[in-house]
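Here are some short notes for a first look at this model. Please read them with the structure open.

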Amino acid sequence: MQIDDSDRRLLRQLMAAPDASTAMLADRAGLTEATCWRRLERLRSRGILRGQRAVIDWRALGWQVEVSLRITLDKTNPRAFDEFIAAARAVPEVLEIQTFLGRVDVRLNVIARDMIHYQQVYRDRILPLPHIADLEALMHLSDIKSDASLPI
Amino acid sequence: MINLDDTDRALLRALAQDSTQSTGALGRRLGLSQPATWRRLKRLREEGAIARTRLDLDLPALGFGVTVFLGISLAAKGRVSLADFERAVSAIPEVQTVQHVLGLYDYRLRVVARDLSDFERVLRRRIMTLPGVGAVDANVLLSEERLPGPL
């Protein structure tokens, strides 16, 4: 699947301003509005542009604590990954589930209203998740750079 | 802190799925009039409930076959300026995300690369040469899913 220089230009403008109107994007990418619209539709239908999604500011909604939990699973059980992930999905405070090749098997991004609430979530919902062999926590202090544009 | 009712939560859930939906379409979905939907969206935006819009792109199709998360500890704490490190690391185009964290590492980076040898180049030439960088731990991303969260 090939994308050309115009697609690249369009994607660069879209990454810089994901909420821009088609007219504005067309202008910035040096395309006509009709071409711009057609190219966006093609990027969508080919599955390259899978969606534009609002990122919720959980802190502004009163969720003050964000923790990255890096988990090693007991891999002697062949179902460990599937069962762990299915159970983690059911925890409302889990925002992201990532799996890795490396020292860590799975990472969960977990939020809580405050430290007392975090302790409850950790004890009552995270620790009972199946097949955990080891677990370490990184407390999120601040975002220095988020969702940067891809160097395309 | 922003107070939300069930309709606000439903609106945020819908926008977190697809932020390109028109006010009319969102209103129809939630049984609201277009002006009422517009007023609610305006309040949610103004009060900061939505941080930004994220593009969901197929990275391998765009030539980025590898995403690696790096945990970085600074070598000589107290002697390196956090601001210098943050400025330098943020300027690397392959570094998508930089988070300051507390725990086993000081910073957590999300790095994209064309393939593993391209990643090695970024790691050696760009990351290992950053001011104050100490131990680096790398994990290659295999899969990722984002959940709606407690809305």
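1. A word on annotation comes before the model itself. UniProt positions are given in the numbering used here, and annotations may be inferred rather than shown by experiment. The model is predicted.

2. UniProt places the feature "domain: HTH asnC-type" at residues 3–64 of chain A. The entry is unreviewed. In the model, this span is 53% helix and 13% strand. Its end C-alpha atoms lie 41 Å apart.

3. Next, the fold of chain A. Chain A holds five helices and five strands. Along the sequence they run α-α-α-β-β-α-β-β-α-β. The radius of gyration of chain A is 20 Å, well over the 15 Å that the globule rule gives for 152 residues, so chain A is more spread out than a compact globule.

4. The C-alpha trace of chain A spans about 55 × 40 × 25 Å along its principal axes. Of its 152 residues, 33% count as buried. Take the contacts in chain A with a separation of 6 or more: 61% of them join residues 24 or more positions apart.

5. Now chain B. It has five helices and five strands. Their pattern along the sequence is α-α-α-β-β-α-β-β-α-β. For the 151 residues of chain B the globule rule gives 15 Å; the radius of gyration is 20 Å, well over that, so chain B is more spread out than a compact globule.

6. The C-alpha atoms of chain B fill a box of roughly 55 × 40 × 25 Å along the principal axes. Buried residues make up 29% of its 151 residues. Among contacts in chain B with a separation of 6 or more, 63% are between residues 24 or more positions apart.

Notes: Residues are numbered from 1 along each chain as its sequence is written. Chains are lettered from A and ligands numbered from 1 in the order in which they are written. This is a predicted model: local features need pLDDT of at least 70, side-chain atom pairs count only at pLDDT 80 or more; totals for chains, interfaces and linings use all residues. Helices (H or I, at least four residues) and strands (E, at least two) are DSSP runs, numbered from the N terminus. The radius of gyration is taken over C-alpha atoms; the globule rule is 2.2 Å times the number of residues to the power 0.38. A residue is buried if 20 or more other C-beta atoms lie within 10 Å of its own, exposed if 12 or fewer, and partly exposed in between; C-beta atoms are placed from the backbone. Two residues are in contact if their C-beta atoms, placed from the backbone, lie within 7 Å.
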